[in-house]
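Reader: Could you walk me through this one? I'd like to start with the terms and then look at the pieces.

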Amino acid sequence: MDKNKNWEKAMTEKNTILFLTSQTISLFGSMLVQYAISWYIILKTQSGVMMTLSIICGFLPTFFLSPFAGIWADRYNRKLLIILSDSLIAISTLILQLVLLFAVSAIRALGSGIQIPAVGAFIPQFVPEEKLTKVNAINSTIQSMVTLAAPMLSGALLSITTIEVIFFIDVVTAAIAVLILLLFLHVPAHAKALEKQSTGYFKDMSKGIKYVKNHKFIKTIFIFCAIFFVLVAPLLFLTPLQVTRSFGDEVWRLTATENSFSIGMILGGIIMAYWGGFKNKLHTMVLSNFVIAICTFALGTVSIFWVYLFLMGLIGLVMPMFNTPFMVLLQQKVDPDFLGRVFGFLNMISSSIMPIAMLVYGPVADFIKIEWLLLGTGFLMVIQSLFMLKNKVLIEAGKPIGDNLEDLEK
């Protein structure tokens, strides 16, 4: 019996290491390209409209594909879907030309639209429930480390070589990631992927929509997420433009801003891996939301660049304190048969709400100071944090398993 448990533990650890390694390698190449594209546009145009156009190209394809990608993640082998998405991103990069930056951003977004729901639904297949917080926190830390290294290397490469070289690196890293998944990661497909599919896509989509609609926790947290995405859009997308306008357009300033955020996220991921958060997961998420809100407001007031970097680092520090418990709650409380669709719907929300918000924020940022937008959205996020803390459905869902007073699916 002990031998079986030890073997299962060893296999879980092996699969976790292989999967996280493959995704880290793939993410590294993708981040190099993403920073190269974003910084190229920022430094060449310094335009809120052009930044908005880039964001729309990078998000809308994900929005349109996400509902189908969620169904695929529930129907088919999730590992193969991740391989397909990595390959699609690599192929789009391979055919890249500078005049097609926006078009390739859209193609890459299609790959991300497949990958995100598949990854979110795939992890619980080989990670025990009690280890989900630690694994998600470790994954967040690794991603943050990649995010730290990528802008430094991307900035360095942009100064000494052509943008095409950076794109080719993405092709190589994606190929390595795919080979790791194909040759070394052995995780059986989930039960539904082995069944013959007798229902149509739209019927499956309808079932997924009904499931979300009737699930109190998912419906409530998705509403709060949609509001948060509207309010956080200036922080996520306009701060690089703010840096170039208010502090200077040197590449090192953009690199320093990204690095401060990434270092904060690395530390936050490590803290979450060892601490795990408050007993009630919602309290950890509210703390994160509140600190992000205060820092966003503060970013609209500071005039010293080093203080600005400190605030970005603090935002990065608390970001895993929201993302990790949020991911774990979804993985724990969603029926495995609907997990892909739920992540797909979440992807739809994020990939539609923020670009729509940027249709307003981007052009407005060409007429008023970005600092004013940060002041307003930061204040509104403080109010949202208070509403989250008072919401009974979220408080109940955040309790440890076994402590819930009601069935949230009814």
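Author: Helices (H or I, at least four residues) and strands (E, at least two) are DSSP runs, numbered from the N terminus. This is a predicted model, where local features need pLDDT of at least 70, side-chain atom pairs count only at pLDDT 80 or more, and totals for chains, interfaces and linings use all residues. Residues are numbered from 1 along each chain as its sequence is written, and side-chain values use heavy atoms, with hydrogens and water left out.

Reader: Which helix gives the most to the lining of the largest pocket?

Author: On a 1 Å grid over the protein atoms alone, a pocket is an open set of points where a 1.4 Å probe fits, with protein on both sides within 12 Å along at least five of seven lines; lining residues have an atom within 4 Å of a point. Here 15 residues line the largest pocket. The top giver, with eight residues, is H1.

Reader: How do Phe247 and Phe305 pair up: stacked, edge-to-face or tilted?

Author: Rings of Phe, Tyr and Trp (its six-membered ring) pair if their centres lie within 6.5 Å; planes under 30 degrees apart are stacked, over 60 edge-to-face, the rest tilted. That rule gives 11 aromatic pairs. For Phe247 and Phe305, the centres are 5.2 Å apart and the planes make 50 degrees, so the pair is tilted.

Reader: Is Phe305 buried or exposed?

Author: Buried means under 20% relative accessible area, exposed over 50%, partly exposed in between (1.4 Å probe, protein chains only). Phe305 has 6%, so Phe305 is buried.
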